[in-house]
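Please keep the 3D view open as you read.

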Amino acid sequence: MADYYKMKDGRLEKVVGLVSTEVGMKNAKFLTKAEAASIGAFPKAENRAETRPGFIPRASGFELEDGEWRTIFSYVEIRRTIGDFNAALENHLRMERIKRGYDTREPSQYVNSTVERWRQDAEDWIAHVDEVMLYGLQAINAYKKSGEAPDLGEFRKNLPKIEWTFAEEQDL
C-alpha cells in the first residue's frame, strides 16, 4: 500500500480517509495506483537533492513526473564570513594542541622548560602556529579584498598539520 498525494492550494497533501473514485467510496489506504491517478493523486518519488559545494538545498516545490511527485530543489549559497574562517583556524589549532595533551595550556608556555620534550614541543608549536597563521591570513585577506570566499571545507583540509619532533610514545 502506497501513500498518495494531491496538490491543493500549491501544497502537496496526503490523501486520507474515504475518497470518491469512479467505482464509489474507498478508503485511501487501499487505493490502487490507477484509482489514485483517476482522482489526481500520486506517490512521492524518493529523489534527493544533489550535493553542491557552497550551497544548501531547499525543497521549493513539487512537479509531477512519470506518475510521481518529485521534489524540486533550489540552492541557496552559503555566505561565509571572516569569522567562519577565523573560527576554523582557531579550532584547528585548539584540536591539535588538545590531541597532544595541552588541553588547558599553550605549548608555547614551555619554551624555557628544563624538560627537553616540553621545550621542543614549545618550539614546534610556535613554528607551527606561524605556518597556520600565514596560510589562514593569506586566505582571509584575499577574501577581504575580493569578496570571494574559498570553500570552507577546502580551507580546513589545507590548514597545515603539526609535526612534533618527539614522538607521542617517547618518555618525558
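## Ground rules and the chain start

A residue is called buried at under 20% relative accessible area, exposed at over 50%, and partly exposed in between, using a 1.4 Å probe and protein chains only. This is a predicted model, in which local features need pLDDT of at least 70, side-chain atom pairs count only at pLDDT 80 or more, and totals for chains, interfaces and linings use all residues. Residues are numbered from 1 along each chain as its sequence is written, and side-chain values use heavy atoms, with hydrogens and water left out.

Helices and strands are DSSP runs numbered from the N terminus (helices are H or I with at least four residues, strands are E with at least two). Met-1 sits in the segment before β1, and its relative accessibility of 80% makes Met-1 exposed. A contact means heavy atoms within 4.5 Å. Setting aside residues up to four places away in sequence, Met-1 touches Lys-29 and Phe-30. Between Met-1 and Lys-33, 32 residues apart in sequence, the C-alpha to C-alpha distance is 9.3 Å.

Is Glu-35 buried or exposed? Glu-35 belongs to helix α1, residues 33-38, and it is buried because its relative accessible area is 17%. Beyond residues up to four places away in sequence, Glu-35 touches Val-23, Lys-26 and Phe-30.

The side chains of Glu-35 and Lys-26 are also joined by a polar contact of 2.7 Å. That term stands for a pair of N or O atoms within 3.5 Å; within protein, one must be able to donate a hydrogen and the other to accept it, and residues adjacent in sequence count only if both atoms are side-chain atoms.

Most residues other than glycine have a negative phi, and most peptide bonds are trans. Which loop holds Asp-9? Asp-9 is placed between β1 (5-8) and β2 (11-14), and its phi is positive, near 55 degrees. Asp-9 is exposed, at a relative accessible area of 74%.

Asp-66 likewise has a positive phi, of about 55 degrees, without being a glycine. Its loop runs between β5 (55-65) and β6 (68-77), and with 71% relative accessibility Asp-66 is exposed.

## Nonpolar cores

In soluble globular proteins, nonpolar side chains tend to be buried together. A nonpolar core here is a set of buried Ala, Val, Leu, Ile, Met, Phe, Trp, Tyr and Cys residues joined through side-chain atoms within 4.5 Å. The largest one has 14 residues, and those touching the most other members are Phe-85, Leu-89, Leu-93, Trp-125, Val-132, Leu-152 and Phe-155. Helices α2 (82-99), α3 (116-146) and α4 (152-158) each supply at least two residues of this core, with the largest share, five residues, coming from α3.

Apart from neighbours within four places in sequence, Val-132 contacts Leu-89, His-92, Leu-93, Leu-159 and Pro-160. Another core lies apart from this one; its eight residues include Tyr-4, Val-15, Ala-36 and Ala-41.

## The largest pocket

On a 1 Å grid over the protein atoms alone, a pocket is an open set of points where a 1.4 Å probe fits, with protein on both sides within 12 Å along at least five of seven lines; lining residues have an atom within 4 Å of a point. Points are joined across faces, edges and corners, and a volume is the space filled by probe spheres set on them. The largest pocket holds about 290 Å³ of space.

Of its 15 lining residues, Gly-54, Ile-78, Arg-80, Ala-149 and Pro-150 lie nearest the centre. Helix α4 gives the largest share of the lining, three residues. By class, the lining has six nonpolar, three polar and six charged residues, where Ala, Val, Leu, Ile, Met, Phe, Trp, Tyr, Cys and Pro count as nonpolar, Asp, Glu, Lys and Arg as charged, and the others, Gly among them, as polar.

Val-76 lies in strand β6 and is partly exposed, at 38% relative accessibility. Not counting residues up to four places away in sequence, Val-76 touches Gly-54, Phe-55, Ile-56 and Arg-58.

Val-115 sits in the loop between α2 and α3. The C-alpha atoms of Val-115 and Ala-36, 79 residues apart along the chain, are separated by 78 Å.
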